[in-house]
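What follows is a walk through one protein chain, going from the whole to single residues. Please keep the sequence and the model in view while reading.

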Amino acid sequence: MRSIANPLYDVVFKYMMEDPEVARSFLEVLLNLKLDSVVSRQQEQVIQSENSVLKLQRLDFVAEIIHENGNKSKVMIEIQKANKDFDADLKRFRKYLSVQYSRDSLPILSVYILGFRLSDLESAFVHINRGYQDVYEENEIVNRSGFAEALSHDLWIVQVPRLKALYRNRLTSMLNIFNQQYLSQRGEDGRRILNLPEIQPDKTMDLILTRLEKAKANEEIVQKMEDEEYLLELEEKILGEKDKIILAREQQLEEEKKRTELERTRAEEERLRAEEAIQKQQEQTRQMIQILRKTGKTDTEIESLLQIQLIDFE
């Protein structure tokens, strides 16, 4: 069994990817590409919003791909990770991409590591790629355009809760470093530690697991994991209180709506009863007029007796 720090924590994932060889090996397996070099472009950025602190982690790398024909090309690989299902996170994915398009000329490969399920996508790991199709001549285009490459990108989406305990190949084995089924569940560090089963010897996996084992033994990393837990719990509490306020307000509005509808219904019922009473009274008056006429009373006498205008009942 290999006991490792949980890379779903931002601080652990950052530590893992700070090792150039680990980053290159991880991305090669994840993207199924041969990479000659992987260079961290900048420090980690945690995108904040008015409602959240630790919501979206982003790491950027400039990588050189070795193609099957031996040619090389540079790309920018961006990894964005979010642990909570917040709409704001997804909006920031798109917002950040639009900013990158205006700033970079390198093709972008985007990796999204999600700690939650997307309701409309059931696969644990998806590659959404793009091709060049000549619609006019109805054939596929092999050559790539620098202009088009800068405006479009391939996507890889990992949904951590949908991962299964699979070890079919190097990819499925590697993705298990995120698999929360292997949580230790022991003591205070139960969510911070994953206990992975032993697998067939593999240089790439050993490299990654060794790095994560070092993270587990690093006191500074452990402290930052605790801090991250605290902030996430605080955020959940704040958002939970906010949700309670919103729910209470929605319930109040619903009650006011029901009360308004009830008052409207009662008013309508009273109006209908009043109209019915008036109609009944008018019908009784008409019957009385007919009886009085049969007794020989004149219209003047009837109007005087009943205090009415006969024209209103014609």
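**From the whole chain to single residues**

In this predicted model, residues 24 or more positions apart account for 64% of the contacts in the protein chain with a separation of 6 or more. The chain contains 8 helices and 11 strands. Of its 314 residues, 38% are buried.

Helix α1 covers residues 10-17 and helix α2 covers residues 20-31; their axes come within 7 Å and cross at roughly 100 degrees. Angles of 65 to 115 degrees count as roughly perpendicular, so α1 is roughly perpendicular to α2. On the α1 side, the residues that meet α2 are Phe13, Met16 and Met17; on the α2 side, their partners are Val22, Ala23, Phe26 and Leu27. By residue type, this contact divides into 7 nonpolar residues, with no polar and no charged ones.

Phenylalanine 26 lies in helix α2. Its relative accessible area is 0%, and buried means under 20%, so phenylalanine 26 is buried. Setting aside residues up to four places away in sequence, phenylalanine 26 touches Phe13, Met16, Met17, Met174, Ile177, Phe178 and Ile208. Phenylalanine 26 and methionine 205 are separated by 179 residues in sequence, but their C-alpha atoms are 8.6 Å apart in space. With the same exclusion of residues up to four places away, isoleucine 177 touches Ile4, Pro7, Met16, Phe26, Leu194, Leu196, Met205, Ile208, Leu209 and Leu212.

Is a residue in a loop buried or exposed? For alanine 124 the answer is buried, because its relative accessible area is 18% and the cut-off is under 20%. Alanine 124 lies in the loop between β6 (108-114) and β7 (125-128). Leaving aside neighbours within four places in sequence, alanine 124 is in contact with Ile157, Val158, Gln159, Arg162 and Leu163. Leucine 114 is 10 residues from alanine 124 in sequence, with a C-alpha to C-alpha distance of 9.8 Å.

Two further residues deserve a look for their backbone. Most residues other than glycine have a negative phi. Asparagine 32 is not a glycine, yet has a positive phi of about 55 degrees. Asparagine 32 is found in the loop between α2 and β2 (35-40). With a relative accessible area of 69%, asparagine 32 is exposed. Glutamine 307 also has a positive phi of about 55 degrees although it is not a glycine. Glutamine 307 sits in the segment after α8 (299-306). Its relative accessibility is 68%, so glutamine 307 counts as exposed.

Definitions and conventions
Residues are numbered from 1 along each chain as its sequence is written. This is a predicted model: local features need pLDDT of at least 70, side-chain atom pairs count only at pLDDT 80 or more; totals for chains, interfaces and linings use all residues. Side-chain values use heavy atoms; hydrogens and water are left out. Axes are lines fitted to C-alpha atoms, for helices over the stretch in contact, and angles run from 0 to 180 degrees between N-to-C directions. Helices (H or I, at least four residues) and strands (E, at least two) are DSSP runs, numbered from the N terminus. Angles under 35 degrees count as roughly parallel, over 145 as roughly antiparallel, 65 to 115 as roughly perpendicular and the rest as oblique. Contact means heavy atoms within 4.5 Å. Ala, Val, Leu, Ile, Met, Phe, Trp, Tyr, Cys and Pro count as nonpolar, Asp, Glu, Lys and Arg as charged, and the others, Gly among them, as polar. Buried means under 20% relative accessible area, exposed over 50%, partly exposed in between (1.4 Å probe, protein chains only).
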